[in-house]
Amino acid sequence: MASRSPARPSSPSPDWLDMAILTRVNMIRNGITNNHHLHDQLQKLHDDKRVLQQDILQYHRLNIALREAMGRLEDRLQYLDAENEALALDNQQKGDALVVLMSELGRLRQTQRGDNRDMDLDIATVRCERVGFHTSPWHSQTEVVEQDGQYYARPANSGGWFERLDDPDPYRCSICRELFVEGDATLVLPCKHRYHNSCGQAFCQTRHKCPLCTTRFALKAELFPDDGEGQDDAGGDDDDEDEERRPRQERRYQQQRRNRERYQLAVVPGAAWLTPVQGIAILYFISTSSLPAYPPPASPPPETKKPVGQKVEPVPKPPKPVVPDVVLPTSTSSKHELLAKPTPIIVNAPSTPDFGSWLGPDQLSPAAPGERVNATFVTLARNTDVWEIARSIRQIEDRFNRNYNYGWVFLNDKPFDETFVNITTSLVSGKTYYGLIPKEHWSFPSWIDEKKAEQVREDMRQRKIIYGDSISYRHMCRFESGFFFRHPLMNQFEYYWRVEPSVELYCDIHYDPFKFMKDNKKKYSFVLSLYEYAETIPTLWDSTKKFIKKFPQHIHPDNSMEFLSDDGGDTYNKCHFWSNFEIGNLDWLRSKAYLDFFETLDHDGGFFYERWGDAPIHSIGAALTLRKDEIHFFNDIAYYHVPFTHCPNDVDLRLKLRCHCNPADNFDWKGYSCTSRFFDVNGLPKPDGWSDQN
């Protein structure tokens, strides 16, 4: 049989071809889709990487900022420790000096009573003692715990449920804010308030008052008049008490002898035979011989200007003191004979010359030549600030104003009392003015939701933001930001110099800063600058950008935006001039540009819904509405306001101006200062050695 050839495969059908093509097309399409998906995923990974890099950079910056903050906090704590030690030493020295004086009087009294019982003298018992602190371990019938800023309590050892505690203050130390733990050593003050022993001792030994209720305590010295009967009764109770007291007085006397040179207590030959009256006279000479004193005025100084809305009586001058001569015995005869027939020798104690009339400031320090600018010092103060502001006035007067005699405006939301007026008037070489702040400038405006503001204060209190729960602090910041320059007493002036309580000027000022500002067309000045606390101004820059958009005509072409922002104005870097020292032009503050700026911010409510300070308000307003060269840095005015110091770097300048500041304390070039940025923005050369302080 013949073989067949194999059959040839038939050609594929059109349907099969369409299916193959469709399959291939779907594969290509799926590949393209997958490629797009992979590309999207890759792009997302790149975006995540970029965000992660930004987060890492931000965390790195935060880490650096935290390290710097910790360093500053450690420096501040060291400073506070040194300050507490200095205060404790100073208080101890003053207390010891008073104890020595009192014991000397007691010794003189004992000598008189032991050796001159036949003399009928009116003498007094001096008792001097320190108020002791009662220390005891903490025991409580209530167990208190803290969780997420909230406190809960239950009966101790009960095992029951904890209930919310609204007032944890009785169970915690008001200084460190930590809860007492069973067995903690606690300090109970005379006012019955309790603190940790370590916290309370450190605070009370230096400040002599309770941190919570401000009750004062420390050294007590009292005079109890004797009735004279016990002096003649040798077997009376007083003699028994004297026998018990004599060893203690002897120890005090020995202490006084050891410290005689330190406290400048002179021992006069024969003083053991003096009467107590003569002894007191000697102590009077010793304690007053080194103090300058001037006779009272023949005619009173110019009358103090009457405060706006407040009546003030003229300040009386103290009467001329009458200093008695001291008669001392010189013979070596018996003590009774010396008392009966003393041989008088007049001892002339050191005294100031008798000028015959009161010396005014112009006689003590002649006025500097030249015209005066229409300017004033201005201080917002309470009556309780009198001694702190007195210290500031003396700083200003001694370093500058005694030669220029500029006036001083004092403002308060309450009427000034007589003590405040008398003290400040006597210290200021120029005229003094006392003004009452209008209620509408020191209260909640009508557009503020007070309930919301209260919730904000409570939140800040729980977060322990400084002054976060204070209403008066917010009124103060709003008043300083937008109203002090509109007070009727300020309307008469062109320039102002703001002064706060307890500031210090380290260097002499040999020129008139007011005249410098006017002659050089400066409108705002500062000595310290730093970063603001971000938690207090979260929306301040949003309100500022609203003002910039609404009033572009108020933004000066040559402004200082670079000082405020690192990105051309998109965000705020928190830099500001510290406004507790500022010399400025009042016409600028009263200008439409600044008033529109303040009104925009004020209506946004940040003074009460957050905790905006007047320092960033003044700083942003000046940086935006003034030319760069209209803002001045006073390098030669060395200044301190707790906790920062401005001290010039230039050694020759400090010597010429008789400065007593420590350049190591200078804050200008530290990491948290913005002064270096101000120099860079204005193209100013930095002083030699600035980098060593950075």
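Helix H16 passes helix H18 in a right-handed crossing. A crossing is right-handed if the near helix is turned clockwise from the far one by less than a right angle, and left-handed if anticlockwise. Helices here are DSSP runs (H or I, at least four residues), as are strands (E, at least two), numbered from the N terminus.

This is a predicted model, in which local features need pLDDT of at least 70 and side-chain atom pairs count only at pLDDT 80 or more, while totals for chains, interfaces and linings use all residues. Residues are numbered from 1 along each chain as its sequence is written, and side-chain values use heavy atoms, with hydrogens and water left out.

Two packed helices are described by the angle between their axes and the distance between the axes. Axes are lines fitted to C-alpha atoms, for helices over the stretch in contact, and angles run from 0 to 180 degrees between N-to-C directions.

| Helix pair | Angle | Distance between axes |
|---|---|---|
| H16 (residues 592-604) and H18 (residues 614-625) | about 135° | 10 Å |
| H13 (residues 540-550) and H16 | roughly 135° | within 9 Å |

H16 is oblique to H18, and H13 and H16 are oblique to each other as well. Angles under 35 degrees count as roughly parallel, over 145 as roughly antiparallel, 65 to 115 as roughly perpendicular and the rest as oblique. The crossing of H13 and H16 is right-handed.

Contact means heavy atoms within 4.5 Å. Between H13 and H16, the contact is made by Leu540, Ser543, Thr544, Lys546 and Phe547 of H13 and by Ala593, Asp596, Phe597, Thr600, Leu601 and Asp604 of H16.

His618 lies in helix H18. With a relative accessibility of 0%, His618 is buried, a term for under 20% relative accessible area, with over 50% called exposed and values in between partly exposed (1.4 Å probe, protein chains only). The side chain of His618 reaches the backbone oxygen of Glu480 at 2.9 Å. Beyond neighbours within four places in sequence, the contacts of His618 include Ser481, Phe484, Tyr524 and Trp588.

Asp512 sits in the loop between strand E15 (504-505) and helix H12 (513-519). Asp512 is buried too, at a relative accessible area of 7%. A polar atom of the Asp512 side chain lies 2.9 Å from the backbone nitrogen of Phe514. Neighbours within four places aside, Asp512 is in contact with Arg372, Phe400, Tyr404 and Tyr406. Tyr404 is 108 residues from Asp512 in sequence, yet 7.8 Å away in space, C-alpha to C-alpha.

Technical notes
Polar contact = N/O pair within 3.5 Å; in protein donor to acceptor, adjacent residues only side chain to side chain.
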